[in-house]
Amino acid sequence: MNQLQPKDLGSEVSIVNTGCCHDCGGRCVLRAHVKEGKIIRLESDNGPKPQIRACLRGRAYRQRLYSPDRLKYPMRRIGERGQGKFERITWDEALDEVSENLKRIRASYGNSAILFLPGAGNQGMLHGPVVPGMLLQQFGGFTRFWGIPSYEGALFASMATYGTIRTGHSRDDLLNSRLILLWGWNPANTIWDPETSLSLARAREKGARLVAVDPRYTDSVATFADQWIPIRPGTDAAMLIAMAYVIITEGLVDQAFIEKYTQGFDHYRDYVLGKEDEEPKTPQWAETITKVPAKVIIDLARAYAGQKPAALIAGWGPARMALGEQYSRSAAVLCALTGNIGLPGGYAAGFMRAYSSRETGHLLKKDPNLQVDKSQGIPSANPVEDGAKPRPDSLYKLSGGTNATSARIHQSQIWDAILRGKAGGYPADLKMAYIVASNCLNQYPNANRGAQALKSLEFIVVHEQFMTPTARFADVLLPVNTFMEREDIAPPWLGSPYYIYLNKAVDSMYESKSDLEICRELAPRLGIPQGFFNLPDGEILRMFTSRRRDITDFDAMKSEGVLKIHLPEPIVAFKDQITDPQKNPFPTLSGKIEIDCDHLREMNHPRIPSIPKYLGHSEHYDVPLAKKYPLQLLTTHSKIRTHSTLERVPWLKELEVQGVWINPADAEPRNIQKGDRIDVFNDRGRIRIPAYVTERIMPGVVNVCQGAWYTPDNEGVDIGGCANTLTRDEPSPGGAFPMNSALVQVELSPPGKEEEK
Ligand SMILES: Nc1nc2c(c(=O)[nH]1)N[C@H]1C(S)=C(S)[C@@H](COP(=O)(O)OP(=O)(O)OC[C@H]3O[C@@H](n4cnc5c(=O)[nH]c(N)nc54)[C@H](O)[C@@H]3O)O[C@H]1N2
Ligand SMILES: Nc1nc2c(c(=O)[nH]1)N[C@H]1C(S)=C(S)[C@@H](COP(=O)(O)OP(=O)(O)OC[C@H]3O[C@@H](n4cnc5c(=O)[nH]c(N)nc54)[C@H](O)[C@@H]3O)O[C@H]1N2
Ligand code: SF4
Ligand SMILES: [Mo]
């Protein structure tokens, strides 16, 4: 297990089996070498294969744990909101103040005035927002939002097409593919399960061809791809539909598959061939829109239909767009046209969950009390929503996804909801925010409006580890420990069958407490029985996992720090539906793959057609606003952070500068050279960071990795380079977040500002 342990560490070094639990597409094994109560070294999984090896961020974790910037004590605001001026107070004072405000707000306005903002900071089963959410439910509930920025477009498409989010294969199955399309997918940086990169490399060694479709020449393109196809952002649906045109007109459709397993092909074919709107969706049509040469589209379509089994992996980035649902739907339908579904080496696109230890459904022992009829209002543990009907414009007749919810505020509209309340059509007038493990000001669209919204509330409490841009707006700021200082279980991302058990490696630093401990102390102040909050971490985890069928030996998992579940063969989504469709219908309304979706037809919404279509929107490249703001902004996930977490880790900062990716064709006319400080701006805001002039991004597109900290200067210019200073905050009707749909202009920063930072 610890072959790499240096000899000179001496016998007083103990090794604690723990892990990394941030929201980065991983969840990995870490072995902490602890000497005199301090971690002196972190290594990863050197055990049996498959190894769950940590990335650069996990391995740099000591610099986060021991950062001088950690929040050390509870604090109360003394300056203006957002100014970051606080005074130290005791835990008793802090918790009294939080509970008094909760009670005051509830008494004056009712529970719906409390907005709970849980974030992705900790992905364990126990810590982070899990227990605070339970506490607030017992307090009478709260207003919550719906929609997850990660994948809401993909989730919607997955449900509409397949009726489920379990559309992925385990990574070992990539070795069965002859062709793999990395569509808007950069797992070399974003991980998407620790085994992904190795599996892609092995598939390539075995002879698979890998093609990447991405406006950027990413680290994944550089490492794995045989071909890079740059595409204009937000136009992927057009390319996928044109590929369908080639496949249909050249007789490459898997007709037997279409007839047996799908519905609505004829309607889609009519749209693709232009019978519906006089516009045949030819490769030439798509070339004008996508900037991908027609010949490249034709070749890729032929290869994808001809080289079966082929895996079209449709990443979530291109769906984090206005009308991103259409891209995800077009991808899933292309998989169906070619019959690449349900067979080893194929792939169904969609949401792409394979095995997930996060899932609460198929891995649990059956409990009849949990059956829910979605059309009848959703029984909720949150009294504010009890009995509320699901959103009428959701896929409420389908079970198994989270698209149907009784929450009414989409996460991207949170600031608008705070500012406009019931008068703006929202379900509540919000008066306080309870923020846990979330850097929401930084991570939700339109940060300047977010700052305005947070200033308007009566009370804000934040559980945090660092003085983030959001924490600066707290009235009471509670210091939280990290996953090295408590116990938790980390279920992985989408495709891998394992659990990481995080044993506590060191004591809580300074006066920090876990989110659970905070709730334990708040409960009596709020008149709530402490119940299981009083149990030790390990006992609660044992209770939480007791219904899981795949955890048979909790104690062994705890002592090893990991439970790797052996699967007899790779997971292939829809294998059963394809093998025996009579016995195993697809969980859609029709029981088939819905190329033409019944639920959507009934919904009759002009922006969510029942078949996938290429649609424009008000901030697309071809609208009048593009004259003023001619560049399309991407806000991708950075390799040196997990969102905004790990922002203050010096080792990681050395690896990459937070800069604006810009092509020389866009930089030169603006007189911009590599390293120059430049402004990126639109009507929502302005950021000022260095230029990264590179041909790794296509002309007309700029990229600012999301997660850098929002830092407005005296003139309101964000010199931290937060992508969300520029992003728009209107969701798609299906719920997709529009973070990659902002138009911007770029210019050299004014003279004298070059050195500012
Ligand atoms: N290091 C690191 N890893 C992470 C995270 C992190 O913050 N840091 N976050 C994790 C989380 S929570 C999530 S949800 C996932 C997100 O994972 P993804 O959504 O896959 O990540 P992104 O980097 O946003 O986008 C992936 C790729 O899509 C490309 N792209 C963007 N727009 C378009 C488009 O219109 N068309 C095409 N074809 N490509 C486009 C981008 O250039 C990028 O290379 O990553 C997880 N992994
Ligand atoms: N423009 C743009 N914006 C995006 C995206 C994008 O692609 N583009 N991606 C979006 C996506 S996919 C996601 S998932 C979101 C993520 O957005 P958030 O959920 O806000 O995630 P983080 O930015 O990582 O912030 C998490 C915070 O939790 C804190 N934290 C860590 N562990 C704990 C803990 O145990 N307890 C407590 N109380 N705090 C803890 C960290 O210090 C950190 O400040 O961002 C979204 N924002
Ligand atoms: S940041 Fe993610 S991929 Fe990296 S070690 Fe941590 S959990 Fe694993
Ligand atoms: Mo995410």
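What is the mean pLDDT of the protein? The mean is 94, and 95% of the residues reach 70 or more; pLDDT is the predictor's confidence in each residue, from 0 to 100. This is a predicted model, in which local features need pLDDT of at least 70 and side-chain atom pairs count only at pLDDT 80 or more, while totals for chains, interfaces and linings use all residues. Residues are numbered from 1 along each chain, ligands are numbered from 1 in the order in which they are written, and side-chain values use heavy atoms without hydrogens or water.

Let us turn to ligand 1. The table lists some of its pairs of N or O atoms, for which the cut-off for a polar contact is 3.5 Å.

| Protein side | Ligand 1 atom | Distance |
|---|---|---|
| R57, side-chain N or O | nitrogen | 2.9 Å |
| W192, side-chain N or O | oxygen | 3.2 Å |
| R641, backbone N or O | nitrogen | 2.8 Å |

The protein covers 100% of the 900 Å² of accessible area that ligand 1 has on its own, an area computed by the Shrake-Rupley method with a 1.4 Å probe.

Next comes ligand 3. Its surroundings include C20, C24, G26, R27 and C28, together with R57 and I191. The shell has 6 nonpolar, 2 polar and 2 charged residues.

Finally, a word of care: pLDDT stays under 50 over residues 1-6 and also over residues 366-376. Where pLDDT is low, the predicted coordinates should not be read in detail.

Key. Contact means heavy atoms within 4.5 Å. A residue is near a molecule or strand if one of its heavy atoms lies within 4 Å of it. Ala, Val, Leu, Ile, Met, Phe, Trp, Tyr, Cys and Pro count as nonpolar, Asp, Glu, Lys and Arg as charged, and the others, Gly among them, as polar. A polar contact is a pair of N or O atoms within 3.5 Å; within protein, one must be able to donate a hydrogen and the other to accept it, and residues adjacent in sequence count only if both atoms are side-chain atoms.
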